[in-house]
2 protein chains.
Amino acid sequence: MSRTGFDLSVYGVLDPARTRGRDLGEMADAALKGGVTFLQLRIKSENTRTLLAAAFKVVEVTRAHNVPLVINDRVDIAHAVKADGVHIGDEDMPPDHARALLGEEAIIGQTIHSVHEAETYPIAEADYFGVGAVYATASKNRDVPPIGPDGFGEIRHTLQRVAPGKPVVGIAGITSENCAPVMAAGADGVAVISDIFMADDVEAAARRLAAAVRGAGEAAA
Amino acid sequence: MSRTGFDLSVYGVLDPARTRGRDLGEMADAALKGGVTFLQLRIKSENTRTLLAAAFKVVEVTRAHNVPLVINDRVDIAHAVKADGVHIGDEDMPPDHARALLGEEAIIGQTIHSVHEAETYPIAEADYFGVGAVYATASKNRDVPPIGPDGFGEIRHTLQRVAPGKPVVGIAGITSENCAPVMAAGADGVAVISDIFMADDVEAAARRLAAAVRGAGEAAA
């Protein structure tokens with residue numbers, strides 16, 4: 001894996017709280033078979049040993065598919081399982097510390113919620129950005145209203161100015177049904193939790209999303 | 001700091017849940033002034049950014065006093081604030097991963113609850129052991145009964161056999177009043193939370209404990 005050239009177009013976020021209790025390894029495998037191009041493992045509120053076991057299980061799957069895996073927040077877990085990097089939000093390890101710990105090869109993703117954050121947050125170490133919440137979602141509680149595809153486009157525009165060439169994905173509430181406007185607003189991909197991992201057939205859901213993202217890209221081209 | 005030669009005799013465990021809401025930096029400073037020789041920062045259930053801020057605050061104090069600081073579990077936090085190492089329990093990052101991440105200079109402490117654990121756990125990377133629960137305690141819930149000073153002595157004896165020369169501290173429910181039998185059982189020190197950090201006067205409590213530990217050592221000599 002490399003810090004550039006990874007494909008964020010169909011970005012799955014695997015969270016054990018959003019898999020209907022199903023096995024993380026099987027969920028990852030089905031999603032990657034369906035066309036997920038990049039995976040994030042996000043686990044909150046577990047002890048480190050449990051989290052580590054889950055991450056070992058998932059990294060084995062992503063390695064087999066040659067798809068990058070980033071761990072949400074926990075740089076120690078990413079290091080221990082030799083994941084490809086971390087994804088960092090407001091309450092997580094700051095990007096510069098993550099870089100110091102994981103080294104120059106690691107992929108670091110950073111969440112950005114607003115034009116203000118894009119202009120003021122330390123973002124030098126980020127290799128890509130997750131921008132949202134694009135749509136309303138049940139999987140994360142925030143007090144701010146969703147930004148919509150237009151708001152996404154505005155933040156992406158700012159990021160292109162302050163961090164040229166770094167890819168940007170939309171996140172929150174995105175499905176195969178509503179991803180087209182996000183792609184049309186310039187997204188390099190969409191980060192999706194529930195539309196993939198809450199589906200009865202995860203592989204089919206991922207395939208449907210991948211096709212919708214590709215279709216939106218072709219329509220925009 | 002170094003991986004050997006540190007003084008565990010008066011080992012303070014600073015946990016924001018056991019400081020009666022007082023400032024962590026002030027608590028650390030008072031404890032070190034009173035004679036605490038080694039400090040562990042233990043925080044559960046906080047987000048990484050909050051935990052990092054607390055650790056930065058405490059490491060500044062331990063540096064000023066030239067006393068080692070280890071972080072409970074969170075190897076990422078220890079790395080980010082350049083703490084002297086980590087302390088690891090059953091549910092935490094395994095010692096070999098902690099060593100791989102923190103390097104050869106880091107102090108790694110490991111919790112051991114029984115002779116069986118002493119004989120079977122991977123302990124090669126540990127630089128010292130915390131053995132308990134010696135006495136009943138309010139600050140940690142475990143279903144097993146306390147081992148008492150005799151049980152402590154038995155586990156310590158086993159550790160001396162399987163990991164010769166590595167220091168061993170007793171932990172749980174230890175106070176200036178009841179530390180003497182633990183020291184008499186061969187402890188290199190006692191790890192204390194409440195008797196120091198729940199006290200009205202933390203510095204005086206640390207001084208009282210330090211005197212009791214020294215007195216017990218002299219009585220045993």
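This report walks through a predicted model, starting with chain A as a whole and then picking out a few local spots in chains A and B.

## Chain A at a glance

Let's begin with the overall build. Chain A carries 9 helices and 8 strands. Its C-alpha trace spans about 40 × 40 × 35 Å along the principal axes.

How much of chain A is tucked away? Of its 221 residues, 56% count as buried. The accessible surface comes to about 9,200 Å², and 50% of that belongs to carbon and sulfur atoms. As for who touches whom, take the contacts in chain A with a separation of 6 or more: 61% of them are between residues 24 or more positions apart.

## A helix in chain B

Now over to chain B and its helix α2, which runs through residues 48–65. This helix has 18 residues and reaches 26 Å from its first C-alpha to its last, close to the 26 Å expected at 1.5 Å a residue. At its start, a side-chain oxygen of B:Asn47 comes to within 3.0 Å of the backbone nitrogen of B:Arg49. Just after the helix, B:Asn66 takes a positive phi of about 55°.

Which residues of α2(B) are buried? They are B:Thr48, B:Leu51, B:Leu52, B:Ala54, B:Ala55, B:Val58, B:Val59, B:Val61 and B:Thr62.

## A buried arginine

A:Arg74 is worth a look. You'll find A:Arg74 in the loop between β3 (69–72) and α3 (75–81) of chain A. Is A:Arg74 buried or exposed? It counts as buried, because its relative accessibility is 8% and the cut-off for buried is under 20%.

The side chain of A:Arg74 makes a polar contact of 2.9 Å with the side chain of A:Thr48. Setting aside neighbours within four places in sequence, A:Arg74 is in contact with A:Thr48, A:Leu51 and A:Val86, and also with B:Arg74 and B:Asp76 from chain B.

## Aromatic rings

A search of the whole structure turns up 10 aromatic pairs over all chains. One aromatic cluster is formed by A:Phe6, A:Tyr11, A:Phe38 and A:Tyr128.

In chain A, a cis peptide bond joins A:Gly132 and A:Ala133, with omega about 5°. In chain B, a cis peptide bond joins B:Gly132 and B:Ala133, again with omega about 5°. A:Ala133 sits in the loop between β6 (128–131) and α6 (148–162) of chain A, and B:Ala133 lies in the loop between β6 (128–131) and α6 (148–162) of chain B.

A:Arg20, with phi near 55°, is in the loop between β1 (10–14) and α1 (24–34) of chain A. At 46% relative accessibility, A:Arg20 counts as partly exposed. B:Lys82 has phi near 55° and lies in the loop between α3 and β4 (85–88) of chain B. With 61% relative accessibility, B:Lys82 counts as exposed.

Methods: Residues are numbered from 1 along each chain as its sequence is written. Chains are lettered from A and ligands numbered from 1 in the order in which they are written. This is a predicted model: local features need pLDDT of at least 70, side-chain atom pairs count only at pLDDT 80 or more; totals for chains, interfaces and linings use all residues. Side-chain values use heavy atoms; hydrogens and water are left out. Helices (H or I, at least four residues) and strands (E, at least two) are DSSP runs, numbered from the N terminus. The expected span of a helix is 1.5 Å times one less than its number of residues. Buried means under 20% relative accessible area, exposed over 50%, partly exposed in between (1.4 Å probe, protein chains only). A polar contact is a pair of N or O atoms within 3.5 Å; within protein, one must be able to donate a hydrogen and the other to accept it, and residues adjacent in sequence count only if both atoms are side-chain atoms. Contact means heavy atoms within 4.5 Å. Accessible areas come from the Shrake-Rupley method with a 1.4 Å probe; for residues, only the protein chains shown count as cover. Rings of Phe, Tyr and Trp (its six-membered ring) pair if their centres lie within 6.5 Å; planes under 30 degrees apart count as stacked, over 60 as edge-to-face and the rest as tilted.
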